[in-house]
Amino acid sequence: MLEITMGDVVGVLKSCAPYIITFGVVLVLGIIAMIACGKCAKSKRYLIRTQAGIAMVLALVIVANLICTGPMKALVSLATGNGTVSEATSDEAMDLIGEIADEGIVLLENDGALPLGGNAKVNVFGWSSVNPCYGGTGSGSINDLYPITSLLEGLQKAGISTNEELSNFYASYVMSHGESVNVGGVWTQNWNLPETPVAQYGDGLISNAKAFSDTAMIVLSRIGGEGNDLPQDMLQVSYENNSDAYDDFKAGEHFLQLSQSERNMIDLVTENFAEVILVYNGANTFELDFIQEYPQIKSVVWCPGPGQNGFEGLGRILTGEVNPSGKTVDTFVRDLTTTPYFANCGDFTYADSDKLAVTATNPNTGITATTVPHFVNYNEGIYVGYKFYETAAVEGLIAYDEMVQYPFGYGLTYTSFTQEMGELTEQNGMITLEVAVTNTGDVAGKDVVQVYYQPPYTNGGIEKSAVNLADFAKTGMLQPGESETITISFNMEEMASYDTYGESCYVLEQGDYVISINSDSHTILNSRTYTVADTVVYDESNPRASDDVAATNQFGWVEGDGEITYLSRKDGFANYAAATAAPVFQDMPGYVTDGYFHNGNYIAEEFDDPNDVMPTTGAKNGIMLAELRGKDYDDPMWDSLLDQLTFANMNDLITMDGYQTAALPGIGKVNTVDCDGPASINNNFTGAGSVGFPCAVMVASTWNVDLAEAFGDSIGKMAGEMGVSGWYAPSMNTHRTAFGGRNFEYYSEDGVLGGKIAAAAVAGAKGQGVYSYIKHFALNDQESNRRNMICTWSNEQAIREIYLKPFELSVKEGGAQAVMSSVNYIGNRWAGGCDSLLNKVLRDEWGFRGFVLSDYFIGGAYMDVEIAIRNGNDACLATFNTGYNSLNNDSATAVLAARQACKNIMYTVVNSRAYAPENLKMGPQSWQIALVAIDVVLAAAFIAIELLVVRKGYGKRKKRENAVHADKNISQ
């Protein structure tokens with residue numbers, strides 16, 4: 001996201017300082033000249049002051065030109081962008097939001113309380129009812145440029161009457177604590193604001209509510225945001241913030257469970273109402289086990305952030321106008337403290353972290369800061385989300401129902417369906433099955449076909465989850481009694497497991513693979529068995545069909561040299577206690593320090609290859625970038641074009657690509673605008689923005705790739721109307737924990753579901769010529785310390801099967817053209833400077849052709865453009881010189897790396913909407929034309945003024961001379 005701080009402002013001003021100082025000197029000299037000529041003759045004084053004034057104005061104009069075309073060029077280009085979304089396109093987007101909400105809201109419980117029917121009257125309890133979660137904070141927030149439907153308005157539009165007295169009561173409470181009501185995603189929710197104390201309700205409010213209606217609805221909200229994970233110990237947070245929530249939690253209680261004030265409110269409601277509906281409004285899974293204590297709670301609805309007008313869908317589902325068809329994208333567990341990750345997410349440092357401390361002074365801001373490495377261990381290996389719970393149940397480690405409340409892929413409906421599984425067929429490695437879905441109930445609705453595979457497992461062999469999502473599809477709207485046959489096909493190789501310690505590649509072991517259709521990850525409806533007769537090894541001589549080259553071990557150093565215990569299925573998870581224990585704050589082992597680089601110890605010259613040959617630069621080949629549109633990535637014309645680049649050209653194109661890619665007029669490379677927002681397109685410089693869609697969790701909860709593609713298509717249309725070519729999205733990191741601050745921005749705990757939804761969104765935007773920066777690549781699944789050189793430790797199998805899977809599918813199936821790398825370290829290497837990640841896997845194995853942009857370029861401690869371009873990160877997300885994003889090394893190695901980076905950037909841009917004939921605008925940008933026009937007008941004015949001054953001065957002098965001559969003639 002755009003994160004302009006005071007330090008950034010100081011940095012920009014400092015980069016402009018030479019020009020400002022120059023103008024200041026001219027200004028002072030001009031003022032001195034004006035003052036000093038005070039005793040001169042009137043005509044001379046007039047001349048001096050006029051000339052001094054012109055000089056000062058000229059200096060201002062010249063300095064303004066130099067600043068606008070120099071250090072401020074990037075920012076001026078962004079600030080002068082234009083384009084807004086048309087009413088027709090925004091209306092289409094609003095309609096699509098409604099469809100996503102209709103299919104993405106999940107019915108978790110229903111004991112007859114829903115649907116309410118039309119003209120219902122409901123008492124809505126909870127302060128979140130007037131200040132709900134629309135999405136999340138940071139880059140994932142929505143704007144207030146378009147109408148925002150609040151939760152209460154969503155109910156009312158569906159025909160539900162709500163208790164206005166009760167709502168006003170909550171609004172007053174919220175505003176008394178400094179919160180604003182119903183302003184969409186731009187508000188900042190105080191996560192420590194307790195639920196309204198029950199003592200404040202009074203008997204009159206409750207008696208009036210009972211008189212209004214015998215139906216109550218409780219709203220509980222939780223919000224997350226960029227930069228912070230959700231607290232695992234609210235008491236500690238309360239101490240730190242000295243908030244009202246201090247007495248609302250006990251020691252060790254976390255943000256995703258009921259607070260005491262919320263429980264008090266629920267007690268109050270259930271004591272007075274026999275039928276209660278609970279709506280959980282948040283993207284992070286919440287502990288809902290408490291509902292079994294309240295038989296009055298008849299129905300539970302999960303409504304993640306619904307975007308601009310998605311609460312209208314909530315109203316339609318509550319009334320029954322829409323039949324819910326959403327399914328969970330994460331597993332809801334009863335007690336989050338019992339999860340295998342709980343002790344291994346948070347704030348961890350090494351005992352001797354200052355050994356690798358780096359103290360850096362930003363050359364622009366002058367601010368000096370010391371950063372030390374932090375770490376996080378992805379100790380659970382491949383057993384993330386349902387893959388753990390299903391496997392642990394099979395192995396007898398857990399009693400499933402005691403731990404899991406709602407499985408992955410779970411969701412209820414107002415009707416009923418049957419699914420009949422046909423026979424499996426296999427041809428050329430593709431497994432195909434047909435599933436006949438029939439609506440056996442009384443209400444029209446949609447259903448989801450979920451196909452899973454259960455692979456054979458050898459104790460102590462390759463780690464395998466007992467249950468794995470293979471593919472899925474959603475039916476159309478089925479009327480009562482109507483059927484639809486869904487065909488599912490997937491490649492046999494997709495059931496292969498990554499064998500890190502044996503074959504060092506993907507392996508499909510021989511044995512029986514159970515292929516099942518499920519209603520969720522735990523409930524099998526029917527199954528067939530597919531037998532692999534012989535083990536298939538996908539090594540260098542036999543790569544998977546989807547890979548350009550075979551996947552082989554690339555992340556050995558990330559595992560921690562055997563000193564980190566990863567969860568293993570061996571002997572029924574015999575190492576569970578050791579693997580899930582909290583990390584010890586030990587001294588840095590050698591696997592951390594060996595090869596660890598940051599800006600305090602990285603010397604680019606030490607990595608120069610003496611055998612590299614300096615490429616041609618500054619050639620006059622006369623090729624323009626537009627000629628390369630549609631050409632193959634390896635077309636020889638690219639070399640001829642790249643030969644024309646100068647070192648300065650490369651520096652311009654690589655170093656300041658924040659929210660744009662720079663123009664290079666000499667080769668016809670136009671400036672393009674890129675914008676942030678996984679749920680929308682927001683130009684933070686002009687204030688223009690698009691309609692805000694539901695958060696990624698709600699999009700994924702539809703389990704509908706067609707809706708996901710329509711979402712991407714709509715984003716692409718709106719981007720095009722705003723003149724935007726690049727979209728900083730979709731975000732697709734994994735929900736490793738329920739406490740991830742940006743879980744709302746990411747799709748799921750499962751890489752197949754998240755990857756296929758993301759791939760569809762990417763393809764939709766690409767169809768409109770917009771390139772999507774899939775992010776954050778990779779293992780950026782924790783917000784805490786993400787910028788404090790956090791070392792993320794995992795094993796190769798988990799990296800590939802869990803954390804890279806959504807990105808892999810987005811490249812292979814979605815055709816992604818751009819990637820945003822992440823700010824964390826992969827092991828002990830910055831992700832934005834990790835050759836194994838960005839070159840070996842992304843480009844070599846997956847066949848990615850496009851460019852990689854850094855996340856927000858903070859420079860300072862560890863981000864450096866030289867580390868980046870030499871390892872596959874092509875551009876810096878910066879809008880001014882941070883001191884670390886400028887190319888300073890012009891060795892053959894550095895220039896070759898810069899040349900390759902420029903090719904990657906231009907290949908993506910030339911094949912985007914920016915170079916479509918109807919959009920291509922060669923020549924200077926509008927602001928540059930305006931600047932020239934202003935210069936011409938001012939120059940003409942200055943010349944005219946100068947002529948007047950000279951003429952006036954000459955006229956007065958001539959008049960004096962004539963007078964003198966006249967006097968002489970008279971005297972003679």
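This report walks through a sheet, a surface patch, the cysteines and the salt bridges of the structure above. Please keep in mind that the model is predicted.

**The sheet**

Let's start with an open sheet of 4 strands, ordered S16-S15-S20-S21 and paired in antiparallel fashion. Its edges are strand S16 (468-474) and strand S21 (524-532), each of which pairs on one side only. From one strand to the next, the twist averages 20 degrees. Strand S15 (residues 448-454) and strand S20 (residues 511-518) are joined by 5 bridges and run antiparallel.

**A nonpolar patch on the surface**

Which residues form a nonpolar patch on the surface? They are Ile 21, Val 25, Val 28, Leu 29 and Ile 32, and together they have about 470 Å² of accessible area. Leu 29 sits in helix H2 (residues 17-36). With a relative accessibility of 54%, Leu 29 counts as exposed, because the cut-off for that class is over 50%.

**Cysteines**

Searching the whole structure for disulfides gives 0. For Cys 303, the nearest cysteine sulfur belongs to Cys 695 and is 8.7 Å away. A disulfide needs the two sulfur atoms within 2.5 Å, so Cys 303 is in no disulfide. Cys 303 is buried, at 0% relative accessibility. Cys 902 is buried too, with a relative accessible area of 0%.

**Salt bridges**

Side chains of opposite charge can pair when their charged atoms come close. In this model, the search of the whole structure finds 35 salt bridges. Three of them are set out here.

| Asp 352 | Lys 355 | 3.0 Å |

Asp 547 and Arg 544 are both buried.

Arg 800 is buried, with a relative accessible area of 3%, and Glu 845 is buried at 2% relative accessibility.

Finally, there is a network to explore: salt bridges with shared partners connect Glu 226, Asp 676, Arg 742, Glu 745, Lys 775, Glu 783, Arg 786 and Asp 855.

Definitions and conventions. Residues numbered from 1 in each chain as written. Predicted model: local features only at pLDDT ≥ 70, side-chain atom pairs only at ≥ 80, totals over all residues. Heavy atoms only, no water. Pairing = 2+ DSSP bridges. Helix = DSSP H or I, 4+ residues; strand = E, 2+ residues; numbered from the N terminus. Axes fitted to C-alpha atoms, helices over the stretch in contact; angles between N-to-C directions. Patch = residues over 30% accessible without salt bridge, like charges linked within 9 Å, V, L, I, M, F, W, Y side chains within 5 Å. Areas by Shrake-Rupley, 256 points an atom, 1.4 Å probe, with all protein chains shown as cover. Salt bridge = Lys/Arg side-chain N within 4 Å of Asp/Glu carboxyl O. Buried < 20%, exposed > 50% of the residue type's maximum accessible area, 1.4 Å probe, protein only.
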